[in-house]
Amino acid sequence: MKPGFAAAGILAAVLASVPALAEDKSNPWFPIPATASFSTGDSWTYAGETHRLYGVQACLRGTYFTNRAGGHVDCGEASLAMLVSLIRDLKPQCYTAAWQAATKTRFVVCVAQPTSGSAAGSRIDLGTALISTGWAFAAVTPNGAPVHAPYIVAQEVAKKQYLGLWQFADVPDPNAIILRDIRNASNQAGQSSNPPANR
């Protein structure tokens, strides 16, 4: 199976049901537990639930870029390493933006408020931090529209400045891979639903 195909199926299913997502206003801000298991550069699991950063798309595992030393690096692992590093350093608090019961997925927005250093007193959105430094991408819907428009702006800045993953000429854009796989799956489904022509 192609690296992006499974992710494309999951993303398509999730985004297709976005209108059915309900805000969970009863859930207060909560930390990301130290015992959370990180799955990708935009998600982790804890207590039987998947927590996914709303509007963020990590690089896909099983896709590669060539680093400056000529080595092939798993792009998904690079995104994952940066997510874990930022969480460790920033210790953000999250809140639930939406909940999808069918997949036990909690879409979250996470914000850090450093009390020391050059960022003391500021509010840092984890999604913006990942995307603006070039280690994640702005998620898009199956028709290519941004899930959260400000993240596209952050992505364009990172891309123009060759930050993070954008410094590598062959960085595999996960959105392009996912959208291609969605189109291919849709085309195959359309072909298989057509009755064979009379001969």
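Four aromatic pairs are present in the structure, which is a predicted model. One of these pairs is formed by Phe65 and Phe168, whose rings are stacked, with 4.4 Å from centre to centre and 20° between the planes. This pair links distant parts of the chain, since Phe65 belongs to strand β6 (residues 64-66) and Phe168 to the loop between α4 (149-160) and α5 (174-193), 103 residues apart. Phe65 and Phe168 are both buried.

Another aromatic pair, that of Phe137 and Trp166, is edge-to-face, with a centre-to-centre distance of 5.3 Å and an angle of 70° between the planes. Distant parts of the chain are linked here too: Phe137 lies in strand β11 (residues 137-138), and Trp166 lies in the loop between α4 and α5, 29 residues apart. Phe137 counts as buried because its relative accessibility is 0%. Trp166 counts as buried because its relative accessibility is 10%.

The structure also contains two disulfides. A disulfide is a covalent bond between the sulfur atoms of two cysteines. The link of Cys59 and Cys75 has 80° about the S-S bond and is right-handed. It connects distant parts of the chain: Cys59 is in the loop between β5 (56-57) and β6, and Cys75 is in helix α2 (residues 75-90), 16 residues apart. Cys59 has a relative accessible area of 4% and is therefore buried; Cys75, with a relative accessible area of 0%, is buried.

Cys94 is joined to Cys110 by a disulfide with an S to S distance of 2.1 Å. The torsion about the S-S bond of Cys94 and Cys110 is about 100°, so this disulfide is right-handed. Cys94 in strand β8 (residues 93-100) and Cys110 in strand β9 (residues 105-112) are 16 residues apart, and the pair links distant parts of the chain. Cys94 and Cys110 are buried. With bonded cysteines counted along the chain, the disulfides follow the pattern 1-2, 3-4.

Strand β2 (residues 37-40) and strand β3 (residues 43-46) run antiparallel and are joined by three bridges. A hairpin of two residues connects β2 to β3, and Phe38 stands opposite Trp44 in β3. Ser43 is also placed in strand β3. Ser43 counts as buried because its relative accessibility is 7%. The side chains of Ser43 and Thr40 are joined by a polar contact of 2.7 Å. When neighbours within four places in sequence are left aside, Ser43 is in contact with Phe38, Thr50, His51, Arg52 and Leu83.

Definitions and conventions. Residues are numbered from 1 along each chain as its sequence is written. Side-chain values use heavy atoms; hydrogens and water are left out. Two strands pair if DSSP finds at least two bridges between them. Helices (H or I, at least four residues) and strands (E, at least two) are DSSP runs, numbered from the N terminus. Buried means under 20% relative accessible area, exposed over 50%, partly exposed in between (1.4 Å probe, protein chains only). A polar contact is a pair of N or O atoms within 3.5 Å; within protein, one must be able to donate a hydrogen and the other to accept it, and residues adjacent in sequence count only if both atoms are side-chain atoms. Contact means heavy atoms within 4.5 Å. Rings of Phe, Tyr and Trp (its six-membered ring) pair if their centres lie within 6.5 Å; planes under 30 degrees apart count as stacked, over 60 as edge-to-face and the rest as tilted. A disulfide is a pair of cysteine sulfur atoms within 2.5 Å.
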